[in-house]
Amino acid sequence: MNFLDKNFRMWLKTLLSLALSTCLFVGCETTRNEKEEEVVVIYRNRSFQCEAPESIKRNMLEFVNSARSVKHECGSKRYPAVNPVRWNSALAKAAMGHSRDMAENDFASHTGSDGSDIGKRATAAGYDWKAIGENISAGREATEHIVSAWLNSPRHCRNIMSSNFTEIGAACFRNASSQYGTYWTLVLASPNE
């Protein structure tokens, strides 16, 4: 084996390690007439726990609003600082329903096991929306790490930095027997006033 073969194998091994440690993040922003979806690889760790709901509420508001308070580059697009979002319990209910569905049915997608999308889930939770978006994650434990990773993903970052959204709700649900252990949903929306 020559020097180039050894270096190539080391490079390939490093690349594969990085690929396996990448997290799944699916993000989309939807208005009444549009929908898009993105899927990446999921990190697998069945030992992760979910934070308590009150901690998720406090931390998600803190980290999302901290991000929104300064300008960000989301991929190739620059976003200025935007107003903070506030917590909405109906959006948190929709987020919990979807996180639980993903955990109990062992999948990670914007489409629920019943075929629902975020618009239908938010409406069913009692939220009348004019703009809505959703970020999901699987196999992560702390809100801080999830928001940080979403900010490094262009589509998720765009959802967090969108001035179209004024309210959020988030939830985590754990199922140790599922493939990824923890399933997170962040719903971002603006009410239809």
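I call a residue buried when its relative accessible area is under 20%, exposed when over 50%, and partly exposed in between (1.4 Å probe, protein chains only).

**Ground rules.** I am reading a predicted model, where local features need pLDDT of at least 70, side-chain atom pairs count only at pLDDT 80 or more, and totals for chains, interfaces and linings use all residues. Residues are numbered from 1 along each chain as its sequence is written, and side-chain values use heavy atoms, leaving out hydrogens and water.

**Disulfides.** I searched the whole structure for disulfides and found two, taking as a disulfide a pair of cysteine sulfur atoms within 2.5 Å. I found Cys74 joined to Cys157, S to S 2.0 Å. Cys74 lies in strand β2 and Cys157 in helix α6, so this pair ties together parts 83 residues apart in sequence. (Helices, H or I with at least four residues, and strands, E with at least two, are DSSP runs numbered from the N terminus.) Cys74 is buried at 0%, and Cys157 is buried at 0%.

I then looked at Cys50 and Cys172, whose sulfur atoms are 2.0 Å apart in a disulfide. Cys50 is partly exposed at 25%, while Cys172 is buried at 6%.

**Strand β7.** I checked residues 182-191 next: ten of the ten are buried, so β7 is largely enclosed by the rest of the structure. I looked for its partners, counting two strands as paired if DSSP finds at least two bridges between them. Strand β5 runs antiparallel to β7, with nine bridges, and Ser137 has Trp184 as its bridge partner there. Strand β6 is also antiparallel to β7, over eight bridges; Ile168 has Leu188 as its partner.
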